[in-house]
Amino acid sequence: MSFSGGIRLTDLNDYITPGQECIKPVKVKKAEQADGSSIKVGQEGDYYEVSKDGEETKLEKASITLNDCLACSGCVTSAETVLITMQSHHELLSVLEENRQLHEGGNGDMAKYVVVTVAPQVRASLSLKYQLSPLSVAKRMTAVLKGMGVNQVVDSAFSRDLTFAESAREFVERFRRCEGKLQSEQDGALPMLASWCPGWVCYAEKTHAGVLPWMSTTKSPQQAMGSVIKDYLSKKLGLAPDKIYHVAVMMCYDKKLEASRNDFYNDIYRTRDVDCVVTTGEFDRMLTETSTSLSTAPEAALDSLFKVQETDQDHLYSSAGTSAGGGLEYILSYSARELFDVDITPGEIAKAGVGETQHPLLQVKAVRNQADHREITLLDPATRKPLLVFAAVYGFRHLQNLVRKLKSGRSVYQYVEVAACPSACSNGGGQIQPDDPSPAAKKQWVAETERIYRTASDEHQPPEKNGVLGKLIYDWFGSEGLDSAAARQILHTEFHGVAAEVNPLGVSW
């Protein structure tokens, strides 16, 4: 069993004290009649069943995988990373080494086609550590990974545009169906809660299944890229999905949980949309272990699935908004235009949302003066009355307050952008940490990572301006594009409430 050397609990203030021990219920099959067998412990700690006639049978060790973490209701943290199997940079290196040996042995056709997806929040964290621009980090990561044997390096900001486009359509559809009314208990109701943060999804499924009908069913950028790679790209390359090994470099340990969900597993080809998730810290550790320096690495040309100009790779586009992704800003902009014919850009919303500027059609309020809980209200240009009320809620402390308001019917929001980590994804548990462990240094480090993320580009590109994405959508789904049944099936997922099975022996009195 291979474990990541980077597994740790960070000092984020989002720990929910468990009400019982974290356990994996095991169904034990009892023999109808005792056969007189006994249990023996070997010299190396292995267990053996010894039958009455002396025959020894080695017993299989119990193991807990990421799937079990999603099925248990014992604890929730920002980094549920205990006993992680097949989710570390060692697995990536193992696959690349196996590919190398196959090629050297003349069996290159048996090698996996390796694709690595990199999140923009990861580039921001590496940019801060190595004092490089995010664009330079992207090109150097591409050079390093391809030098190791990776076939293609892509950008999750590209698939995030796909998620934005579908999420905005989903919100408008819900709003029209519900006539803007809140608190409907049916699936696909308002408010619509963002579901791109797996820590939040895990928490909701385990402890507050009642909020699941409000969750957006559009896949997260990580899993949307998983569908692009394992469905669209595999067909383009003429490869079966299981012949592609897809790795995502992400800012959060919980992304490992998301990739391990059964919803993203292909039963026919026995493969996952995302085979392995490596955090920013683990990627940096991999560089050290392989004696590779990002500072001195060359810059390589970026692959096509990057948010860059088709004819100019020296301009890396970003999306307006915080490191939570910018979904709130884009969905509010799209909805204002589609529902009320109000033209306001995601960039204008982003600047007003963090207090950089003011906008006559926006009211921004920091709830209890907390930057991690902000309300953004779109006003009617004629009457100045609220048209849409959105919110950004980051950190479990604020999430609990949100859930209480939802359950009591006191929430006034039509859309909520949710992130489990305080300060959103720049503060992800998998990000690179400062050398100084003090809270002040950590706070400053996160703020600087956020600044780098938000200023990675001085020009924002909305999904409808992403020409490569537009071509991909119609090539993938046909003339109907996102209106097709195939798009609806491929780009959406489901959520599953988990019933808590309290173990009386595990309760702390």
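Predicted model: local features only at pLDDT ≥ 70, side-chain atom pairs only at ≥ 80, totals over all residues.
Biologist: What is the order of the strands in the open sheet?

Modeller: The order is β6-β16-β15-β14-β13, so five strands in mixed pairing make up the open sheet. At the edges you find β6 (192-193) and β13 (362-366), each of which pairs on one side only.

Biologist: Which helix packs on the sheet, touching β13 and β14?

Modeller: That is helix α11 (residues 346-353), which touches β13 and β14 (373-379). The helix direction makes about 35 degrees with that of β13.

Biologist: Let us turn to the rings. How many aromatic pairs does the structure hold?

Modeller: It holds twelve. One describes a pair of aromatic rings by the distance of the centres and the angle of the planes. Take Phe171 and Phe390: their centres are 5.3 Å apart, with 75 degrees between the planes, and the pair is edge-to-face. Phe171 sits in helix α5 (residues 156-178) and Phe390 in strand β15, so this pair ties together parts 219 residues apart in sequence.

Biologist: Are Phe171 and Phe390 buried or exposed?

Modeller: Both Phe171 and Phe390 are buried. Now try Tyr203 and Phe396: with ring centres 4.9 Å apart and planes at 80 degrees, that pair is edge-to-face. Tyr203 belongs to helix α6 (residues 198-207) and Phe396 to helix α12 (residues 396-408), so parts 193 residues apart in sequence are tied together. Tyr203 is buried, with a relative accessible area of 4%, and Phe396 is buried too, at 1%.

Biologist: Which residues do ring pairs link into a cluster?

Modeller: The cluster consists of Phe171, Phe175, Phe340, Phe390 and Tyr415.

Biologist: And how do I read empty space? How much of it lies in the second largest pocket?

Modeller: Rolling a probe the size of a water molecule over the atoms shows where empty space is left. The second largest pocket has about 570 Å³ of it. Its lining has 20 residues, and those nearest its centre are Lys219, Asn266, Asp273, Gln489 and Ile490.

Biologist: Which elements give two or more residues to that lining?

Modeller: They are α7 (221-237), β8 (265-266) and α15 (485-490). The largest share, six residues, comes from α7.

Definitions and conventions: Residues numbered from 1 in each chain as written. Heavy atoms only, no water. Pairing = 2+ DSSP bridges. Helix = DSSP H or I, 4+ residues; strand = E, 2+ residues; numbered from the N terminus. Contact = heavy atoms within 4.5 Å. Axes fitted to C-alpha atoms, helices over the stretch in contact; angles between N-to-C directions. Phe/Tyr/Trp six-rings, centres within 6.5 Å; stacked < 30°, edge-to-face > 60°. Buried < 20%, exposed > 50% of the residue type's maximum accessible area, 1.4 Å probe, protein only. 1 Å grid on protein atoms, 1.4 Å probe; cavity = no way out; pocket = protein on both sides within 12 Å on 5 of 7 lines; lining within 4 Å. Points joined across faces, edges and corners; volume = space filled by probe spheres on them.
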